[in-house]
Amino acid sequence: MEQQLAQHAPCSTSIVAISPESENYLYPTEVQRVVPHGDYKAYEEAAEYINDNFDLCILQHEFGIFGGVDGIFILSLIYKLKLPLITTFHTVLNQPSEGQRLVMEAISKRSSGLVVMNQLAVDFLEHIYKVPREKIKRIEHGVPSFSKPDRQELRQDMGFNSHKVLLTFGLLSRNKGLETVIKALPRVVKHFPELKYVILGKTHPNVVKESGEEYRNYLKLLAKKRGVRENVVFDDRFVSDQELLQMIYASDVYLTPYLNEEQISSGTLAYAVGVGALVVSTPFWHAKELLDEQRGVFFPFASSDILADKMINLLQNPREMAVIKDNAALYGAQLTWPKIAHKYIQLSQDVVDHPVQQEITINHIIDLSVLPNYNLQHLMRMTDSTGLLQHARYDVPDYNEGYCLDDNARGLLFVAMAYRYVKDEHLIGLIQKYLGFINYMRKKDGGFHNHLNYDRTYNPTKDSEDSIGRLIWGLGAFLRYVNHYRFSELVVDLLNEALLEVANFSSIRGKANAIIGLSHCILVNREDQSKVDLLNKLSKELLILVPKDTHEKWVWFEDELTYDNGLMPLALLHAYQATGNELYLKTARRTLRFLESHVFEEDYFCPIGNKKWLQKGSEKSVFDQQSLEPMTMTEVYLLMYKITNEPRYLEKLYTVYLWYLGENTLHRPIYDHETGGCYDGLSSKGVNANKGAESTLAYWISHFTVMEAYYQEHEWLILQA
């Protein structure tokens, strides 16, 4: 269709393609610019290219194309456009998630015109997404122009001449419902023994990644079991548009036996109607509209018996088939790409001449352009076949120090956070290694070892409650954010074993870490009363430590400020989020205000130095500042913002994060852009040039906390617009 626009538009056109980072496509000349799927900066750069060269942008929107959770990276592009925008929504969900709704509403507000392909999508936009009706234009799914050859000659060339031929085309996946057809075939074949059912198309690449050819093999076994294996042809190919149209035209019946009604558009169905095929379909949304007025035949979802009845009746009544095909052909003649392109050109001209877009004024607190590019080089270097090594000498892993449970648990937390934004296969490999390490650290009599030597022998150091707590945090976050089917059972097993250790904790940081992990679990399953009870027990043990006197100046859990101080208010915020107990929120606010009074210097973050902890009534030590400290503070401010919607917490979060990039006491970057590693901290002499696992993970967890904050800020800004 883009080629048709290029041919018929009264101006120059160009395509900007969104490409998966892992693919290296050879694009046609119409593609003038390629945007890597997960590179949010590239979206902004693409907007500048469009602004400089064109008068209008047409966005083809489909979930799964654009980077970020629910494709939110596309907002980085549309907010920087200085020209009118038309958006074609290929999918309009009637029950969107919060993230999907956010993206759809933001695009709708920024667009001068919205195109959908059927009336139901028009109704959804108007009533679910509150889009003004005058913004919406219905333009049907286009099909290529097709010069119909002699059908009998074509059938003979394809080997169809003596057969009744049924055809289904598309990427194979379970929701296509092809088993419904195969189960119907035995009865149909009794009447038409020469019948062939052609299943044309490769298996969907995401299905191949998850389960290989399991679905295709299931269909083959099912056909054999039902005695129709010789009647089912699996044509495992991608084919050109022209060959597809020829195959549809040469077939007797085109089948779309989809299992789910919630499909707003289907290109393959449009192609079939476009060539005047006889379509037999389940009544999914697009089919109900496209095949209305006797342009096709319907059968109920997953109903093989009724499908068999319909097929037998049709194949025995060629006159009825001819009437339906003529109706489809008459309607399909209006769907050719030149005619659809003309409608787009007319809409584009109207929009350029009379723009009606609603501008969204975006004054970002968080500027994603300052974030370094995604770079796991150093983390991958620090991770071997055993797990994540603990320390480094400069850029080099220090094998002498071995591994620890703490870092691998934090590594799992990082992967859980990153996987929401970057579908990187390297992350799956890291999950396997970190979970493998954690599993290896289990003790036979319960509990977990804390340290492992490089030779994979256990180091008999004292067990660490802090490490067990961080393990619970990492496992809980994994269940909430990833819950990958390959790993979920092991994660639940490890989590249950770790929770057995919590009841006797004495470390307040161990308790705080465990509270955060428990809150993640509760937000997945609020019916798990045992976890709610344990979370409340631990949270109340933290509350007891904080002075109740509102006149008390030292409002803290201990008589000194030491390390990872943001962890305790963060835990209480999580407890509030999981239970709604206002006392947890009140105490988190009080203690956070106290902590803030000691860790900010004018306009930059200055954590407590570890040369001398800050004792009650004394002065703090500025050095050495550890890279771990900003991590939990960014998390604190993100959660405070989520709870309160107060932008000042985003400002604090961003200020804390910039500590890594040089907004600190010495004005020296702590993050290394070249390797993706993070230095171990700041001393009075400068940067500690070692790049251990804890520091590198602290940076990347903060990085993805800022990413999530950016999403939250977008939602707030859109609500204000």
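The model is predicted.

**Cavities**

The whole structure holds 3 cavities of 30 Å³ or more. The largest cavity has a volume of about 170 Å³. Its lining is made up of 17 residues. Closest to the centre are Tyr481, His520, His574, Glu635 and Glu708. By class, the lining splits into 8 nonpolar, 4 polar and 5 charged residues.

Which elements give two or more residues to this lining? They are α17 (405-418), α19 (465-481), α21 (508-524), α23 (567-579), α25 (629-644) and α27. Helix α25 supplies the largest share, with 4 residues.

**Strand pairings**

Strand β10 covers residues 253-256. Val253 and Leu255 point one way from β10. Tyr254 and Thr256 point the other way. All of these residues are buried.

Strand β10 pairs with β7 (residues 165-169) in parallel, through 2 bridges. Here Leu166 stands opposite Val253. Strand β10 also runs parallel to β11 (residues 279-281), and 3 bridges join β10 to β11. In that pairing, Leu255 stands opposite Val280.

The bridge partner of Cys404 in β16 is His451.

| Strands | Direction | Bridges |
|---|---|---|
| β7 and β10 | parallel | 2 bridges |
| β10 and β11 | parallel | 3 bridges |

**Cysteines**

How many disulfides does the model contain? The count is 0. A pair of cysteine sulfur atoms must lie within 2.5 Å to be counted as a disulfide. For Cys678, the nearest cysteine sulfur is that of Cys404, 16 Å away. Cys678 is therefore in no disulfide, given the 2.5 Å limit.

Is Cys678 buried or exposed? Cys678 is buried, because its relative accessible area is 0%. Cys521 also counts as buried, because its relative accessibility is 8%. The cut-off for buried is under 20%.

**Ser695 and its contacts**

Ser695 lies in helix α27, which spans residues 693-720. Its relative accessibility is 5%, so Ser695 counts as buried. Leaving aside residues up to four places away in sequence, Ser695 touches Ser627, Cys678, Tyr679 and Asp680.

Where does Asp367 lie? Asp367 sits in the loop between α15 (337-353) and α16 (377-382). Its relative accessibility is 35%, so Asp367 counts as partly exposed. That class falls between buried, under 20%, and exposed, over 50%.

Asp367 and Val706 are 339 residues apart along the chain. Their C-alpha atoms are separated by 9.5 Å.

How values were computed: Residues numbered from 1 in each chain as written. Predicted model: local features only at pLDDT ≥ 70, side-chain atom pairs only at ≥ 80, totals over all residues. Heavy atoms only, no water. Buried < 20%, exposed > 50% of the residue type's maximum accessible area, 1.4 Å probe, protein only. Contact = heavy atoms within 4.5 Å. 1 Å grid on protein atoms, 1.4 Å probe; cavity = no way out; pocket = protein on both sides within 12 Å on 5 of 7 lines; lining within 4 Å. Points joined across faces, edges and corners; volume = space filled by probe spheres on them. Nonpolar A, V, L, I, M, F, W, Y, C, P; charged D, E, K, R; others polar. Pairing = 2+ DSSP bridges.
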